[in-house]
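Hi,

Here is the structure I promised to pass on.

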Amino acid sequence: MADVYTILYVGDDAGLRQRLGEVLPAAGYRVLVAADARTALALMAQQLPDLVLSEVAMPGMGGVELLEAVAAQGGELAQLPFILLAAQADRRSPLRGRLSGAGDYLSKPLDFELLLAAIAARVRRRRRGDSLPPPPAVPGRALLLAQVAAARTAQASQTLLLVKVDTYLALTMRLAPAEQPLLQQDMLAWLAPLAGSGQVYSWSDGCWALLLAEEAAAQAATVLAQRMTLSVGGASIAYTCSALCIHLDWQAPALRRFDAATLVESCALHLNFESAGNPRRFIELGRGDYRALQAARHAERFLGQALKSGELTLLFQPRVDLLSGRIVGAEALLRWPHADIGALSPGAFVPAAERSGLATDLDHWVIAQTLEAVTELVSLRPDFILSFNISAQSLGRGVPAFLNAQLQAGRLALAANLEIEVTETSMTYLTAAIEADIAALRALGLKLAVDDFGMGYASLDYLKRLHAEVIKIDRSLVTDITGRSIDSRLIAGLISLGRAMGCVVVAEGVENAAQAALLAELGCRYAQGYHFYRPMPLTELLSLLGTP
């Protein structure tokens, strides 16, 4: 005979009490009623229900206070599942109720189908709790790292797979504590066939690791792309996973710079960052990726120190007039030339600055150095233009307003010699506040350049709204301009567009004389690239400008 579950309704809503007295028995439940919280506490002590359905608003002790009082008593009472009922206008009770342990929170007037579904899920989980299996014994990261370290010593190759459950926290909040081992069992059963030894290791909450079997490497991405389903209390809960596949060739010098633990821990962090808000990722790391990981880890540890000790620097790549060959400006490029692991470019350490909360400090440092440099440059060439880059994140952090304040502090005359470069993709993050900050700078005479033009997603609407004075054609279009007619036609179109909008057009990444000649023929007036000059220190640029 099927179990009969007992539901205790606590509340003084006579109409709802009558309706529940019809609906719940018809669904096979036994109903107990208490008009207030104190009567409910006495009734619970006599007859332990399977679930409490309580009004939030009641005279004296409310539903949330009742829940807290029951939890404080401990024992079986503290394990009772609660469903709280309140008017839609009540916004505070759900948060407090959930913090106190309420499993569900339903708004009145009630949807009785939804109520029956919530009750069914809760009482079945409660009854199943005692029979659920204990958490499976899973070896932890120490044993896995010992195997990886042994392979490093022997210079053997391995393929390591890290697998994390997407939105793990949200998923576990839907499970009762006794049900959570079911998720681990599910993952172990799913991953074991991919492991060379059949052994799966627990790396952290919601993350597992294994050494991938050679024959399983090709199918790992397909297997991990599946949507998983966990069956709990008669309900099915769908979830997905992301994974990082790490090819470990321990004979590679770049890889041997890492000890085993440092490498795998860095990779696990990388998986978390890459899959956050972007589920069902399958990422592979090979020999060429380890340098980037090493750079990111170094930057996260030492960037703050480098900012204080003066290890960062700006290099300057001149911009030339294609008709005369004259230097008319330069782009300031941020570098970390003497990092312990070798010179680092912004792509290696700017993301680390974002993650470690140093991005604003870095932006302010770049602005200070740029203002110092442009002061010296205009002393030799009054019409010299110095450009520098600002990211989408910098735009939203008030960096334009900070630059405005610096110019207002006795440097207004330099505004006309400065050019802010924002990438075309960054323009899609613009807000009214950012546009106002940029407009204030432009009112001082500062120019706006759209960098990497032709490869992003900015519409003409953005260009018209911001009145950009300069567009910089992306180097990827310039690279094959002499060999691919499609690239030359694209550049010709971009030059025509720039002219129509009154913009100066600059081509980036010019590597040889043939590219420079064709750009001039297509009507591009300015360019920068290794064909003309490589990035150089400020002293070298000043020397160039001072040469007759």
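Below is what turned up, going through the barrel, the open sheet, an aromatic pair and a cavity.

Some ground rules: this is a predicted model, so local features need pLDDT of at least 70 and side-chain atom pairs count only at pLDDT 80 or more, while totals for chains, interfaces and linings use all residues. Residues are numbered from 1 along each chain as its sequence is written, and side-chain values use heavy atoms, with hydrogens and water left out.

The barrel: eight strands close up in the order β13-β14-β15-β16-β17-β18-β19-β20, with mixed pairing. (Strands are DSSP runs of E, at least two residues, and helices are runs of H or I, at least four, numbered from the N terminus; two strands pair if DSSP finds at least two bridges between them.) Within it, β16 (418–423) and β17 (447–453) pair in the parallel sense over five bridges, and I420 stands opposite L448 in β17. Helix α15 (359–380) lies across β13, β14, β15 and β16, at about 170° to β15. Helix α21 (485–500) lies across β17, β18 and β19, at about 175° to β18. (Contact means heavy atoms within 4.5 Å; axes are lines fitted to C-alpha atoms, for helices over the stretch in contact, and angles run from 0 to 180 degrees between N-to-C directions.)

The open sheet: five strands, order β7-β8-β6-β11-β12, again with mixed pairing. β7 (201–204) and β12 (282–285) are the edges, each with a single partner strand, so one side of each has no neighbour in the sheet. The twist averages 20° from one strand to the next. Strands β11 (241–249) and β12 run parallel, joined by four bridges, with C245 opposite E284 in β12. Helix α9 (180–191) lies across β6, β8 and β11, at about 20° to β8.

The aromatic pair: the structure holds one. The ring centres of Y5 and Y29 are 6.4 Å apart and the planes sit at 35°, so the pair is tilted. (Rings of Phe, Tyr and Trp, the last by its six-membered ring, pair with centres within 6.5 Å; planes under 30 degrees apart are stacked, over 60 edge-to-face, the rest tilted.)

The cavity: F453, L463, A468, I471, L497, G498, M501 and C503 line the largest cavity. (On a 1 Å grid over the protein atoms alone, a cavity is a set of points where a 1.4 Å probe fits but cannot get out; lining residues have an atom within 4 Å of a point.)

Cheers

How values were computed:
On a 1 Å grid over the protein atoms alone, a cavity is a set of points where a 1.4 Å probe fits but cannot get out, and a pocket is an open set with protein on both sides within 12 Å along at least five of seven lines; lining residues have an atom within 4 Å of a point.
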